[in-house]
Amino acid sequence: MAVLTVTQVNTYIKALIEEVPHIRNVYISGEISNFKHYNSGHMYFTLKDSKSQLKCVFFAGDNYKIKFTPESGMKVICFGQIGVYERDGVYQLYVRDMQVEGVGSLQVAFEQLKDKLEKEGLFDTSYKKPIPKYPLKIGVATSNMGAAVEDIKNVLGRRFPLCEVVIAPTVVQGDSAPADIVKSLRLLDSIEGIDTIIVGRGGGSIEDLWAFNTEEVARAVFNCKTPVISAVGHETDFTICDFVADLRAPTPSAAAELAVPDIKNEINYINNLSTSLESAVTAFVENEEKRIDDIKNNSPLYNTDSFFASLIEKLDGFENKLFSEFDNRIKFEEQRLSGVARALNALSPLAVLARGYSITKNDNGVVGRVKSTKVGEKIETTLSDGKIISEVLEVYDNEG
């Protein structure tokens, strides 16, 4: 009679089970129970239905890919392979992937993180910082390609050209996106003089926008000392970043509009104030003149012109002083606005062209070095009065 050891039996059974093709790659649905997540990262749980149960192990090397956190009582579909754990002599499912049954896994992960951060108070209005009304420098964390960054730059330039814009080119989609968004936020938050930060991207699916639903991005937004406007996706898209930010904008363009005032409206407001002030001064002087006339006409001193002459002289002096100060104030503001206009003009590329310089571009952008172009390539040279299209015949650098 052949006598086998326990190890031999378990090893034999393990080999038999692993040879069955139908359970090498199998999908199994059930409810999670006895879920445990150890410091090693490994997950152990039981998958059960109304009549039976199956032990499962989900190793850290596989479970890091799922976005949600499994919980006891959750109905899931697991993908993996049936195998035997020889030490205990039990068979179990070695899970390689898991999906929530009936609900998208990303939606579950979204709700789990939203609930967690809300309980921690990261969404509380008491932490929301006000957005400055007249920012002088705005930081933008988004991709440097695509419509979103162009929309933001165009709106900011049109509404408030006095504001400087600092772009932090950022990866906004894919596995590397969360870390890159955090990096850009910290960089912009550290730059002196930045009044507001806009973070976001254009529209897309929930998978495309997922970087803005991660805990690391949410905490980076919350920890910014600078007010943050979240501008992710379209008007109907909501992300965790929106809830944590100081202000949520429905689109990147709307974020730019919320970040700065319209300079045309501000100029109209100043003009209205000027008109109102002038009217108030005139009305005040007229009322005072009327009051003196009333005193004069109803006073026993009616015929004493010398008495009133001094009062009228003082009143005229007061009027002249008021109008003089008003005119000086208007001239001061006009000079200040002219200085700003000259400063903006000095920074304009067109002003540089007017002084005899030119800008040369190829398909890759502005040609700043001879190594940026090559023989036979067509280049475009912009002058103050037009453009020249030419072909490169020879290239020399200063070293040769």
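I began with strand β1 (residues 26-37), which pairs with β4 in the antiparallel sense over six bridges; I count two strands as paired if DSSP finds at least two bridges between them, and I take helices (H or I, at least four residues) and strands (E, at least two) as DSSP runs numbered from the N terminus. The model is a predicted one, in which local features need pLDDT of at least 70 and side-chain atom pairs count only at pLDDT 80 or more, while totals for chains, interfaces and linings use all residues. I number residues from 1 along each chain as its sequence is written, and side-chain values use heavy atoms, with hydrogens and water left out.

I then followed β2 to strand β3 (residues 53-58), with which β2 pairs in the antiparallel sense over six bridges; a hairpin of four residues joins the two strands, and threonine 46 stands opposite lysine 55 in β3.

Taken as a whole, the five strands form a closed barrel in the order β1-β2-β3-β5-β4, with mixed pairing. Neighbouring strands of this sheet are turned by 55° against each other on average, direction ignored, where axes are lines fitted to C-alpha atoms, for helices over the stretch in contact, and angles run from 0 to 180 degrees between N-to-C directions.

What is the phi of asparagine 34? I read a value near 55°, which is positive in a residue other than glycine. Asparagine 34 belongs to strand β1 and is exposed, with a relative accessible area of 55%; I call a residue exposed over 50%, buried under 20% and partly exposed in between (1.4 Å probe, protein chains only).

Asparagine 10 is found in helix α1, and its relative accessible area of 12% makes it buried. Leaving aside neighbours within four places in sequence, asparagine 10 is in contact with Val84, Glu86 and Gly89, contact being heavy atoms within 4.5 Å. Helix α1 (residues 6-18) itself lies across β4 and β5, running at about 130° to β4.

I located lysine 137 in strand β6 (residues 137-142). Which side chain of opposite charge is nearest to this buried lysine? I found glutamate 164 at 4.1 Å, and lysine 137 has no salt bridge, a salt bridge being a side-chain nitrogen of Lys or Arg within 4 Å of a carboxyl oxygen of Asp or Glu. For charge, Lys and Arg count as positive and Asp and Glu as negative, with His and the chain ends not counted.

The side chain of lysine 137 does reach the backbone oxygen of glutamate 192, at 3.4 Å. Not counting residues up to four places away in sequence, lysine 137 touches Cys163, Glu164, Val166, Glu192, Gly193, Ile194, Asp195 and Thr196.

Entry 4, helix α8. I listed the buried residues of helix α8 (residues 252-259) as Pro252, Ala254, Ala255, Ala256 and Ala259, and these pack against β6, α4 (147-159), β8 (196-201) and β9 (228-232).

Four strands form an open sheet in the order β12-β11-β13-β14, with antiparallel pairing. β12 (365-366) and β14 (386-391) stand at its edges with a single partner strand each, so one side of each is left without a neighbour in the sheet. Strand β13 (residues 378-383) pairs with β14 in the antiparallel sense over six bridges, and the bridge partner of glutamate 380 is isoleucine 389 in β14.

Conventions:
A polar contact is a pair of N or O atoms within 3.5 Å; within protein, one must be able to donate a hydrogen and the other to accept it, and residues adjacent in sequence count only if both atoms are side-chain atoms.
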